[in-house]
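Come and read along with me.

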Amino acid sequence: MSIFKIIYKALFSEKIRINNRKRFKKLKGLFLKGNNAYCNCCGRSFSKFLDKSNGIDSRHNAECPNCGSLERTRVLLEFLKNETDLFSKSNSLLHIAPEDTLKEIFKKSENLYYVNGDINRDFADEVIDITSIHYPDNTFDYIICSHVLGHVPNEKQAIEELYRTLKIGGKAFILTPIHPENNTFENKEIVTDYDRLINYGEKDLIRLHGQDFEERLKRENTVVKMIDYRLQIEAAYAKKLSVGDGYRELIFLCQKT
């Protein structure tokens with residue numbers, strides 16, 4: 001880490017640094033006027049989206065400069081609008097590690113009892129540990145947990161807590177990076193940021209999920225279905241949304257029975 005970055009982190013809180021990054025991306029968006037890319041989360045159009053780098057490679061045309069939505073965010077919102085009654089009926093929703101742009105959309109929905117939480121108080125309205133959710137059994141009609149389980153040491157307990165707080169008949173939508181060929185890879189000896197980046201693709205992942213993820217989610221009282229909703233979006237619109245390649249965008253619908 002450079003001296004500049006060390007000083008910058010020492011002078012400014014994480015929340016201020018996050019807001020500064022958002023402002024800088026919005027500034028970039030001023031130079032991307034056009035109609036090739038459309039963000040369904042904020043309703044803005046651009047000549048293209050921003051590239052997104054995870055340290056190993058860069059995804060082109062991935063991030064909305066205005067609201068920060070990513071490919072998976074836009075796919076998930078299309079699914080929620082078209083395939084659920086989340087916005088049309090009175091529902092309760094728990095949103096773990098909320099994406100800012102979805103959080104704003106849900107907060108504006110008058111029919112929703114909306115709870116969002118993260119273990120880091122700078123990222124959500126409530127502090128919520130996914131392995132010990134402070135809400136009673138059978139509280140929520142819907143739960144959204146996107147790109148969280150790969151970061152949680154006790155994944156099994158986290159899944160149990162999601163199902164515990166979900167109502168009978170309720171649905172959890174879980175997303176995570178999925179290796180297209182291999183089963184889940186996890187090695188407790190991989191502990192440094194560099195080694196995690198090389199082995200898992202992100203420096204703060206502690207496992208990379210694979211083809212067995214659906215089985216990892218299954219419990220006696222749940223039905224799990226993998227949905228690649230990218231393929232159900234009309235081709236021209238999907239191109240404008242930049243829906244990704246399926247590595248990060250698969251939706252696992254888990255219904256409690």
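Here are my entries, starting with the ground rules.

**Ground rules.** I am looking at a predicted model, where local features need pLDDT of at least 70, side-chain atom pairs count only at pLDDT 80 or more, and totals for chains, interfaces and linings use all residues. I count residues from 1 along each chain as its sequence is written, and side-chain values use heavy atoms, with hydrogens and water left out.

**The sheet.** I looked up the strand order and found an open sheet of seven strands, E7-E6-E5-E8-E9-E11-E10, with mixed pairing. Strands (E, at least two residues) and helices (H or I, at least four) are DSSP runs numbered from the N terminus, and two strands pair if DSSP finds at least two bridges between them. E7 (126-127) and E10 (222-227) are at the edges with a single partner strand each, so one side of each has no neighbour in the sheet.

I then checked E6 (residues 112-118), which pairs with E7 in the parallel sense over two bridges. Asp118 stands opposite Val127 in E7.

**Helices on the sheet.** I noted that H4 (residues 100-107) lies across E5 (91-96), E6 and E8 (140-146), and runs at about 155 degrees to E6. Axes are lines fitted to C-alpha atoms, for helices over the stretch in contact, and angles run from 0 to 180 degrees between N-to-C directions.

**Two helices together.** How do the axes of H3 and H4 cross? The axes of H3 (residues 71-83) and H4 come within 10 Å and cross at roughly 25 degrees. H3 and H4 are therefore roughly parallel (angles under 35 degrees). Their contact (heavy atoms within 4.5 Å) is made by Thr73, Leu76, Leu77 and Leu80 of H3 with Thr101, Leu102, Ile105 and Phe106 of H4.

**Rings.** I found ten aromatic pairs in the structure; rings of Phe, Tyr and Trp (its six-membered ring) pair if their centres lie within 6.5 Å, with planes under 30 degrees apart counted as stacked, over 60 as edge-to-face and the rest as tilted. Phe185 and Tyr200 have ring centres 5.7 Å apart and planes at 55 degrees, so this pair is tilted.

Notes: Parallel < 35°, antiparallel > 145°, perpendicular 65-115°, else oblique.
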